[in-house]
Amino acid sequence: VFYCSVSPKKKNAEKLMEKYVTMGAKGMKIHPEIQLIPINSPLLLKHLRNWVKISSGLPVLFHSGFNGYEPKWARKNAKIELYHSAAEALEPAPCILGHSAMNEYKKAIEIAKAHSNVYLEVSGQPPEHIKDMLNQIGDDRLLFGSDWPVYPQAMPMAKILVATEDAPQSRIKILRDNALKLINICL
């Protein structure tokens, strides 16, 4: 199961999206800081609308939040407040906020509350933040993610287990069922 990444700046972006969907891509990844494009730029928003048409509504996973390793000048491309426009451009397709905007997770929750197509991927979030997300938007739009697959998964997994200690049904949704629904695998 793979997600593709297609830069909105590519002249043949639509053809690449078609190619990757035909190859079996289950979604697309956008990283505004690395791809050097503002999340609310007209070019990116058009790219997202094209993705919805070409992919028949497959999800888009966005990097969201800052970790301090990115250049400060690149941060303007990914201000969490700007993700409302991406969620709107993708409607009704799923919009996944990777890392739930890290330290700005409360703003990510507000975006999810405002847009029913927004999912919060919880890699890097402590149990208290995950509990807050559960309380505010429920367990149907929270996702476990590996972040970067070379990292050991024991810590992020443990954080979800602690956050859902009293809610085993939420564990199953966050760790498996919600992702399976997004990639259209029958349970």
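What follows is a short chat about the strands, helices and some residues of this model.

Q: Experimental or predicted, before we start?
A: This is a predicted model.

Q: OK. What's the strand order in the sheet?
A: The order is β1-β2-β3-β4-β5. The sheet is open, with 5 strands and parallel pairing.

Q: Which strands sit at the edges?
A: β1 (28–30) and β5 (142–143). Each of them pairs on one side only.

Q: How many bridges join β2 to β3?
A: 4 bridges, linking residues 60–63 of β2 to residues 95–98 of β3. The two strands run parallel. Within that pairing, F62 has L97 as its bridge partner.

Q: And how many between β3 and β4?
A: 3 bridges, again in the parallel sense. C95 is bridged to V118 of β4.

Q: Which way do the β4 residues point?
A: V118 and L120 point one way from the strand. Y119 and E121 point the other way. All four are buried, E121 included.

Q: Let's stay on L120. What does it touch?
A: Beyond its sequence neighbours, L120 touches L97, S100, A108, I109, A112, M133, I137, R141, L142 and L143. Its relative accessible area is 0%.

Q: How far is L120 from V52?
A: Their C-alpha atoms are 19 Å apart. Along the chain they are separated by 68 residues.

Q: Which residues touch the most other members of the largest nonpolar core?
A: M28, L48, F62, L90, L97 and L120. That core has 45 residues.

Q: Switching to helices. What does α4 lie across?
A: Helix α4, residues 105–114, lies across β3 and β4. It runs at about 150 degrees to β4.

Q: How many residues of α3 are buried?
A: 6 of its 8 residues, so the helix at 83–90 counts as mostly covered. The buried ones are Y83, S85, A86, A87, A89 and L90.

Q: What covers them?
A: The cover includes α2, β2, β3, α4 and β4.

Q: What about α6 and α7, how do their axes cross?
A: They cross at roughly 150 degrees and come within 9 Å. Because an angle over 145 degrees counts as roughly antiparallel, α6 is roughly antiparallel to α7. Helix α6 spans residues 154–163, and α7 spans 168–182.

Q: Which residues meet there?
A: M157, I160 and L161 from α6 meet R171, I174 and L175 from α7.

Q: New topic. How many disulfides?
A: The count is 0. C4 is in no disulfide, and the nearest cysteine sulfur, that of C95, is 15 Å away. C95 is in no disulfide either, with the sulfur of C4 as its nearest at 15 Å.

Q: Now H47. Where is it?
A: H47 lies in helix α2, which covers residues 42–55.

Q: Buried or exposed?
A: H47 is buried, because its relative accessible area is 3% and the cut-off for buried is under 20%.

Q: What does H47 pack against?
A: Sequence neighbours aside, H47 touches V6, S7, P8, A13, M17, M28 and I30. M28 is also among the core residues with the most contacts to other members.

Q: Last one, E81. Where is it found?
A: In the loop between β2 and α3. E81 is partly exposed, with a relative accessible area of 39%.

Q: What is E81 in contact with?
A: Apart from its sequence neighbours, E81 is in contact with E104 and K107.

Q: And how far is E81 from N40?
A: 9.7 Å between C-alpha atoms. The two are 41 residues apart along the chain.

How values were computed. Residues numbered from 1 in each chain as written. Predicted model: local features only at pLDDT ≥ 70, side-chain atom pairs only at ≥ 80, totals over all residues. Heavy atoms only, no water. Buried < 20%, exposed > 50% of the residue type's maximum accessible area, 1.4 Å probe, protein only. Contact = heavy atoms within 4.5 Å. Disulfide = S-S within 2.5 Å. Pairing = 2+ DSSP bridges. Axes fitted to C-alpha atoms, helices over the stretch in contact; angles between N-to-C directions. Core = buried A, V, L, I, M, F, W, Y, C linked by side-chain atoms within 4.5 Å. Parallel < 35°, antiparallel > 145°, perpendicular 65-115°, else oblique. Lists of a residue's contacts leave out its neighbours within four places in sequence.
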